[in-house]
Amino acid sequence: MFSAGDAYQRFMGRWSRALAPLLVKFAGVRDGDAVIDVGSGTGALTAAVVAVAPSSRVIGIDPAATFVAFAQARHPVDRVRFEVGDAQQLRFLNASFDRTLSILVLNFVQDPAKALDEMIRVTQAGGTVAAAVWDYGQGMEMLRVFWDEATALTPAIDARDERHMPLSRKGELAALWREHGLQDVVEEPLTIQTRFVSFDDYWSPFLEKQGPAGEYVASLRAGERDQLRLRLRRRLLGDGPDRPITLDARAWGVRGIVPRPVTAPGLTA
Ligand SMILES: C[S@@+](CC[C@H](N)C(=O)[O-])C[C@H]1O[C@@H](n2cnc3c(N)ncnc32)[C@H](O)[C@@H]1O
């Protein structure tokens, strides 16, 4: 039997697994760091942390209990724990972690500013807070192609197009990081390639009801779904035979350092 975790893996997890090592490198994770993966989903980012930091303690939190169970089953070791939680209200003490990371999450959180405050609070002074969000408007071609064709077919659904996602445009994450007092803020494009073995490998994950695109496909009648599928096939393959398809997927990655408390002259910290 397939779980929600399996469906997520087929739709997005396979791509977040490819993106995660880029964020781990960008965030400068070192073995021994205490790390929290905020919005851990099925565990792609935690797996990438464990690969470069095998003795690190890693905690993943996510509100979806099915994802938490899926991720924990794949990391049956004490050092790696997943639990149900909300980025906007973390249960951890101040300064509990050296690196606080989050991938493909902040655009889905109701109050990302509150989430970032919490991410900073649980990170120790001098530690790193880093995140990545797909560039839905331009750089994430798998979804860009989908929404271009869906809105061309039905212009009234433009509001559902993920290009409207918060924090997905160049500079938005960096601005948020600076507003919240993080230092040495750097934003960079993190780009992977999404490779599909066939058109069906591109299309069938949209039938899994995952994310805004999957929910949109599930809302269509059979005839409308077919029209969209044909448009997408023509867009990606022209009138030619089926073949592998490679698309770029760019996310914006941001990192910043939690400032050390300022001490008045003459006082020691
Ligand atoms: C696109 S998935 C990314 C999951 C995982 N980080 C990955 O890259 O595979 C978005 C995740 O954000 C989680 N999420 C949504 N709201 C959240 C919140 N308030 N706090 C923490 N995670 C949240 C969802 O449950 C989901 O697992």
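This is a predicted model: local features need pLDDT of at least 70, side-chain atom pairs count only at pLDDT 80 or more; totals for chains, interfaces and linings use all residues.
Let me begin with the ligand, which is surrounded by 17 residues, the closest being S16, G39, D62, A87 and I103, where a residue is taken as near a molecule if one of its heavy atoms lies within 4 Å of it. Residues are numbered from 1 along each chain as its sequence is written, and side-chain values use heavy atoms, with hydrogens and water left out.

The shell around the ligand divides into 10 nonpolar, five polar and two charged residues; here Ala, Val, Leu, Ile, Met, Phe, Trp, Tyr, Cys and Pro count as nonpolar, Asp, Glu, Lys and Arg as charged, and the others, Gly among them, as polar.

Which atoms of the protein lie 2.9 Å or 2.6 Å from an oxygen atom of the ligand? An N or O atom in the side chain of Y8 is 2.9 Å from a ligand oxygen, and for the side chain of D62 the corresponding distance is 2.6 Å. A nitrogen atom of the ligand, in turn, is 2.9 Å from a polar backbone atom of A87. Of the 590 Å² of accessible area that the ligand has on its own, the protein covers 88%, as computed by the Shrake-Rupley method with a 1.4 Å probe.

Let me now turn to residues considered one at a time. D161 is found in the loop between α5, residues 141–153, and α6, residues 172–179. Is D161 buried or exposed? D161 is buried, because its relative accessible area is 2%, and buried means under 20%, exposed over 50% and partly exposed in between, with a 1.4 Å probe and protein chains only. The side chain of D161 is joined to that of R144 by a polar contact of 2.8 Å, that is, a pair of N or O atoms within 3.5 Å, where within protein one must be able to donate a hydrogen and the other to accept it, and residues adjacent in sequence count only if both atoms are side-chain atoms.

R255 lies in strand β7, residues 245–257, and counts as partly exposed because its relative accessibility is 26%. R255 and L23 are 232 residues apart in sequence, and their C-alpha atoms are 9.2 Å apart in space.

Finally, R260 sits in the segment after β7 and is exposed, with a relative accessible area of 61%.

Technical notes. Helices (H or I, at least four residues) and strands (E, at least two) are DSSP runs, numbered from the N terminus.
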